[in-house]
Amino acid sequence: MQVKTFTAPTMEKALAQVKKELGPEAIILSTRKLTEGLGEPCFEVSAATEQQPFGAETKAVPKDSSAEMINDLQEIKGFLSLLISSRDQLSQLQSNQPLAELYHSLLVRGLDEKQVFILLNKAVSDLNGDPLNRSSIFNAFCKRLVTKISFARPFRVVSNSVGPAVYTFVGPTGVGKTTTLAKLAAYLKIKRRIELGIVSLDTYRIGAVEQLKTYAEILEIPFVVAQSRSELRRALDDFSHCDAVLLDTTGRNYLNRDHVSHLRSLFENGRRFSHFLVLSATAKDEDLQQTIVHFRDMDINSLIFTKLDETVHHGCIVNQLVRFNYPVSYLGTGQRVPEDIEPATQKRLLSFLLPAGNQAA
Ligand SMILES: Nc1nc2c(ncn2[C@@H]2O[C@H](COP(=O)(O)OP(=O)(O)OP(=O)(O)O)[C@@H](O)[C@H]2O)c(=O)[nH]1
Ligand SMILES: [Mg+2]
């Protein structure tokens, strides 16, 4: 990655220099208005590009990358034109100390710069000329943010109407799908007294079946392994008396879209599946975003984020919820089964905007 800083008498000129020298795919890292002595103001833009130096080895381009590159380009273009059209807000952001401090602290928490910029602008306009201090801006920002996030309570009503409700746990490798399934199985069986069945489709990884079978035995829940669509159909028929079936799947690298298509083909048998897309809070923002995009053809019930205990910055969770329309249902907070899981709440998500020591438990 190449990072450069440009200065020019106007923001447009600085951005034009970025485009000329680093190309249209350059990512804006920061912008600032500088006033030197009594002279004219001057604008500084730091930008980065992932372009390889000439002659360096280039990566193989994945099959469907051109559509994604066009998407990325459109997003960058959109952000650039947003910056240009928001010159006044941008200079306010830089010159107002509480606003600038909040902006930077949200970026440090891992929140997406574009989303923060847009929401802060809306928050400031909501304040309608009221004094801008840290708490007034923060409160207005939170109010704006919560309108973008929704919550799912997938087990509020669990009933066998035309067969059991089938809840699947899908997502990348090692994010905690099986562990989360076990935590929720314990809650449904012990606290809710719901009649459950567990099915594992994961015969890919050695030990995966044993792992889930052990949990099922401890909880005294019937457990079946299925290796194909027809075996899955039979397993679900066997559990037709249950209220709900929890279905574990193999973790795959879903940055590869083909893996999603294959997974999806397993569920096209007329039954109603509720898919939980399980994601780790420790993953990179861009990888989470790409994974969620690849799941857009599956009917995702809600997102579950795990491993909150393994990171101090939870901004990437908020980013996905603002970026996509999916609700969030549960948060995994540790390895203990069944204790370390909680329903996602507004209070908990807003606490992710605060420094680590001030977060709600
Ligand atoms: N710290 C922490 N660890 C977790 C959490 N959830 C799961 N884990 C751990 O993550 C590891 C992988 O968990 P699994 O449940 O096997 O993950 P998986 O998604 O089923 O993995 P594959 O089936 O191999 O794709 C285990 O060591 C779990 O104990 C969590 O919320 N916090
Ligand atoms: Mg698993």
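Visitor: Is Lys 307 buried or exposed?

Guide: Start with the cut-offs. A residue is buried if 20 or more other C-beta atoms lie within 10 Å of its own, exposed if 12 or fewer, and partly exposed in between; C-beta atoms are placed from the backbone. Lys 307 has 21 C-beta neighbours inside 10 Å, so Lys 307 counts as buried. This is a predicted model: local features need pLDDT of at least 70, side-chain atom pairs count only at pLDDT 80 or more, and totals for chains, interfaces and linings use all residues. Residues are numbered from 1 along each chain as its sequence is written, while chains are lettered from A and ligands numbered from 1 in the order in which they are written.

Visitor: Where does Lys 307 lie?

Guide: Lys 307 lies in the loop between β9 (300–306) and α12 (315–323). Those labels come from DSSP runs: helices are H or I with at least four residues, strands are E with at least two, and both are numbered from the N terminus.

Visitor: What is the phi of Lys 307?

Guide: Most residues other than glycine have a negative phi, and most peptide bonds are trans. Lys 307 is not a glycine, yet its phi is positive, about 60°. Arg 193 is not a glycine either, and has a positive phi of about 55°. Arg 193 sits in the loop between α7 and β5. Arg 193 is exposed, with 9 other C-beta atoms within 10 Å.

Visitor: Which residues does a cis peptide bond join?

Guide: Val 337 and Pro 338, with omega about 10°. Look for Pro 338 in the loop between β10 (328–332) and β11 (341–343).

Visitor: How many residues of helix α7 are buried?

Guide: Eleven of the 15 are buried, so α7 is largely enclosed by the rest of the structure. Among them are Leu 181, Ala 182, Leu 184 and Leu 188. Lysines are on the list too, including Lys 177 and Lys 183.

Visitor: What span should α7 have?

Guide: The expected span is 1.5 Å times one less than the number of residues. For the 15 residues of α7 (residues 177–191) that gives 21 Å, and the end C-alpha atoms are 21 Å apart, which agrees.

Visitor: Which residues of strand β5 are on each side?

Guide: In a regular strand the side chains alternate between the two faces of the sheet. In β5, Leu 196, Ile 198 and Ser 200 are on one side, with Gly 197 and Val 199 on the other. These residues are all buried, and both faces are covered.

Visitor: Which strand pairs with β5 over five bridges?

Guide: Two strands pair if DSSP finds at least two bridges between them. Strand β7 (residues 244–248) pairs with β5 over five bridges, in the parallel sense. Here Val 199 stands opposite Leu 247. Strand β6 (residues 223–225) also runs parallel to β5, joined by three bridges. There Ile 198 stands opposite Phe 223.

Visitor: At what angle do the axes of α7 and α8 cross?

Guide: Axes are lines fitted to C-alpha atoms, for helices over the stretch in contact, and angles run from 0 to 180 degrees between N-to-C directions. The axes of α7 and α8 come within 10 Å and cross at roughly 15°. That makes α7 roughly parallel to α8. Angles under 35 degrees count as roughly parallel, over 145 as roughly antiparallel, 65 to 115 as roughly perpendicular and the rest as oblique.
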